[in-house]
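Reader: I have not looked at this one before. Can you walk me through it?

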Amino acid sequence: MVTKEVIKLKKIGIDEAGMRIDRWFKMHYPILTFGTLQKLIRSGQIRIDGRRVRSGTRIQCGQIVRVPPFAVNEKIEKPLLSHSIRDSNNNNALSQMLIYEDSKVFVFNKPSGLAVQGGSGISHHMDDMLEAWRDKKGEKPRLVHRIDRDTSGILVVARTRAAARALTASFRVRDTKKLYWALVRGIPHKKQDKISTWLIKKNGPNGDQISVCSHGKPEADHAISYYRTLDTAGCNVAWLEMKPHTGRTHQLRIHAAYIGHPILGDEKYRYTSGEYVLPGGMPNRLHLHARRICIPNPSGGILDVIASLPPHMLQSFNALGFNEADAD
């Protein structure tokens, strides 16, 4: 069965300014196929303020988009039951992770093991899950930064295009304060210090590997981190607060290993030979947690959020006698 839609006139809002017209249609009318959309554009049935457009035409706030009648085959819509089940599951999972929200921002406490974006061999990730939280306009929440798959903790997500631009700009100019907690092997000689190195990405048998390199090497990036020791358990484990000044891939993991105190459970960057047995009662998982973020909030003021420890780190804290309330 085929149904017809009537002509609609849609006014572009401020959050949609700068979008390509083809992407705007994809966001608002996901059932519309690429071929049909291109045909409507070429034939002049899609117009902005009465003028013909191209696929790459950028829309501006206040403009009026003519949405022409187009056929929708209902047979395409019916198989979406499995997607509805998936969206329901993702909705529940996102709700459990959510620790803050307002009209512009979501903040999640991402569990260890969940990837932020897709990649080789990754089919389940936050970016895909956010499809379940499209708003009434069909707008999907937007990622504005990332944390490693095995790192737990704070992930900030923009609810609108304007919020995404503001948050991305804050991350770019480092107008943010991010604090991580890590449990590392051994006790650093200095209670607190600055770590400054150059990092370079290399292709390895197990995927991309980031390593420390000499200053001035082509394609290398400068990385700066700060740390301070919050507590220790004998001579075996230190609880560090780590602050990245720059935002390089795997930066804190590499810097912890670089000073001779790799993060517990980090098989990729431990930089030590032989087996290391974790103290009794500690799970063999990465002990790195994005604990706190302070960033200008697009809704106004400063967004200051703390994420509770994941179960595996809480288990380790209990085993070592650390109390997370002591640090905050």
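Author: The chain holds eight helices and 17 strands. Helices (H or I, at least four residues) and strands (E, at least two) are DSSP runs, numbered from the N terminus. This is a predicted model, in which local features need pLDDT of at least 70 and side-chain atom pairs count only at pLDDT 80 or more, while totals for chains, interfaces and linings use all residues. Residues are numbered from 1 along each chain as its sequence is written, and side-chain values use heavy atoms, with hydrogens and water left out.

Reader: What does the C-alpha trace span along its principal axes?

Author: The span is about 75 × 45 × 45 Å.

Reader: And how many of the residues are buried, as a percentage?

Author: Of the 328 residues in the chain, 43% are buried. Buried means under 20% relative accessible area, exposed means over 50%, and partly exposed is in between (1.4 Å probe, protein chains only).

Reader: Why does Leu9 count as exposed?

Author: Because its relative accessibility is 63%.

Reader: Now something on the inside. Where is Gly153, and is Gly153 buried or exposed?

Author: Gly153 sits in strand β10 (residues 152-158). It is buried, because its relative accessible area is 0%.

Reader: What is Gly153 in contact with?

Author: Leaving aside neighbours within four places in sequence, Gly153 contacts Phe108, Asn109, Lys110, Ile147, His289, Ala290 and Ala307. Contact means heavy atoms within 4.5 Å. Gly153 and His289 are 136 residues apart in sequence, yet their C-alpha atoms are 5.2 Å apart.

Reader: Okay, charges. How many positive and negative ones are there?

Author: The chain has 50 positive and 31 negative charges, and their mean positions are 8 Å apart. Lys and Arg count as positive and Asp and Glu as negative, with His and the chain ends not counted. The place of a charge is taken as NZ of Lys, CZ of Arg, CG of Asp or CD of Glu.

Reader: How many salt bridges does the structure hold?

Author: There are 12. A salt bridge is a side-chain nitrogen of Lys or Arg within 4 Å of a carboxyl oxygen of Asp or Glu.

Reader: Which one links distant parts of the chain?

Author: Glu101 and Arg159 form a salt bridge at 3.4 Å, N to O. The pair links distant parts of the chain: Glu101 is in strand β7 (residues 98-101) and Arg159 in the loop between β10 and α6 (161-172), 58 residues apart. Glu101 is partly exposed at 44% relative accessible area, and Arg159 is partly exposed at 26%.

Reader: What about Asp22?

Author: Asp22 pairs with Arg20, the closest N and O atoms being 2.7 Å apart. Asp22 counts as buried at 12% relative accessibility, whereas Arg20 is partly exposed at 25%.

Reader: Which residues are linked in a network of salt bridges?

Author: Asp127, Glu131, Arg134 and Lys140.

Reader: Last topic, the backbone. What is phi of Asp49?

Author: It is near 50°, a positive value in a residue other than glycine. Asp49 is in the loop between β3 (47-48) and β4 (51-52), and is partly exposed with a relative accessible area of 37%.

Reader: And what is phi of Arg174?

Author: Phi of Arg174 is near 60°, also positive in a residue other than glycine. Arg174 lies in the loop between α6 and β11 (177-185) and counts as partly exposed at 41% relative accessibility.
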